[in-house]
Amino acid sequence: MSIFEFTILVWLGSFVAGLLGALTGLGGGVVLVPLLTLFFKVDIRYAVGASLVSVIATSSGAAAAYVKEGFSNIRIGMFLEIATTLGALLGAFLAAIVPTSAIATIFGLVLLYSAYLSRKPRPKSEWHQPPDPLATRLRMNGSFPTPEGIRHYNVSRVPAGFSLMFGAGTLSGLLGIGSGAVKVLAMDQAMRIPFKVSTTTSNFMIGVTAAASAGVYLNRGYIDPGLAMPVMLGVLTGSLLGTHILIKAETKWLRLVFSLVIVVLGIQMIYKGLLGGI
Amino acid sequence: MALLANWTDQKVEDIVAVLLRSGVLLSAAVVFCGAVIYLARHGHTPADYHIFRGEPTDLRSISGIIRDAVGLQGRGIIQLGLLLLIATPVARVAFAVFGFAAERDRMYVIFTLIVLTVLLYSLVGSS
């Protein structure tokens, strides 16, 4: 395959991944690395480097839209970014010493977990927490606009959320994914933050977390311009188009199909990882 | 800080939105320009990403990337675009330092500076 054909095909694949990721709300980054390693036979370190770059592009693009809505809590985000960026550094350093077969296997497990999470109904949790002393000291409690007026919320269990965020950052740095699912889990289940606030704040954090490991990847020589170029341009155009053509009726089916694809890719990654094929 | 004293949260967030969007669009434009040069020159070479070699040293450091980009090398220009993209969230965090300083929130100025230090270490100190 010539570089020209390779570029066009990788661009197309990334475009579809970005489009489906935006339409289903599951994020396209999670299928990029399996796509590149399983179908294009790209070394997983190059694939993770290219995926990290595309994660920054989509997250920054989406965050620009979210900051105006007034749901994201910049204090929660910034405090937890201390954990995610340090975790991301650890993940990026681990990527250099962990065997590629182990990275593939971990990736497969994360894919299966993401598919499981995407089939679970969205938590309809309406937390009403008493004020927590630590969260109050950290000025994390906030409010957001609802049709019924301003709703105030209190944040709980900051240490648990902080530790989970460190783990989310490590996964992100090792696998080149946004780990949005783990971030939302930490904020929703551990810290009891309202769902709308945790999803938008998570999106705001993903780009910063990915940037913390992308620097290490760049310095290590894991980011190849010839590969990252079609991946980044493809995912970006795909997700931009996806956010503009949100069709409500079809997303249910799309989510089902997309999570099935994720399951198949996850099993393949584990299989190849265990057999040492990657 | 007197200059920043009358900044409202809304104004800060508007600027952040513009900053993020223009960072992404600018880097995508630079990557695209590099792609045109790269494909015009190397489009017919066989592609090989199966064997991991790591990038040459000039595509690993900021100074090397700028040198290659100024020399109008396709791969150097693409890498410069990717560097701009990685710098976008860093600029956003740097901007948040000023936002918290304007609100005289010393605790969050410190938190944000910690995040900024980690990001800058990753970008320039980790080689």
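Which residue forms a salt bridge with Arg75(A)? Asp105(B) does, with the closest N and O atoms 2.7 Å apart; a salt bridge here is a side-chain nitrogen of Lys or Arg within 4 Å of a carboxyl oxygen of Asp or Glu.

This is a predicted model, in which local features need pLDDT of at least 70 and side-chain atom pairs count only at pLDDT 80 or more, while totals for chains, interfaces and linings use all residues. Residues are numbered from 1 along each chain as its sequence is written, chains are lettered from A and ligands numbered from 1 in the order in which they are written, and side-chain values use heavy atoms, with hydrogens and water left out.

Over all chains the salt bridges number seven. Asp105(B) lies in the loop between helix 3 and helix 4 (106–125) of chain B and Arg75(A) in helix 4 of chain A, so this pair joins two chains. Helices (H or I, at least four residues) are DSSP runs, numbered from the N terminus.

| Item | Value |
|---|---|
| Buried area | about 5300 Å² |
| Salt bridges | four |
| Residue pairs in polar contact | 22 |

Buried area is the accessible area (1.4 Å probe) that two parts lose on being put together, summed over both. Of this area, 71% is on carbon and sulfur atoms. In chain A, Ile3(A), Leu218(A) and Asn219(A) lose the most area to chain B, together 13% of what that side buries. A polar contact is a pair of N or O atoms within 3.5 Å; within protein, one must be able to donate a hydrogen and the other to accept it, and residues adjacent in sequence count only if both atoms are side-chain atoms.

Contact (heavy atoms within 4.5 Å) takes in 59 residues from chain A and 59 residues from chain B.

The lining of the largest cavity includes Ser59(A), Phe204(A), Leu20(B) and Arg92(B). Its lining residues have an atom within 4 Å of a point, on a 1 Å grid over the protein atoms alone, where a 1.4 Å probe fits but cannot get out.

Technical notes: On a 1 Å grid over the protein atoms alone, a cavity is a set of points where a 1.4 Å probe fits but cannot get out, and a pocket is an open set with protein on both sides within 12 Å along at least five of seven lines; lining residues have an atom within 4 Å of a point.
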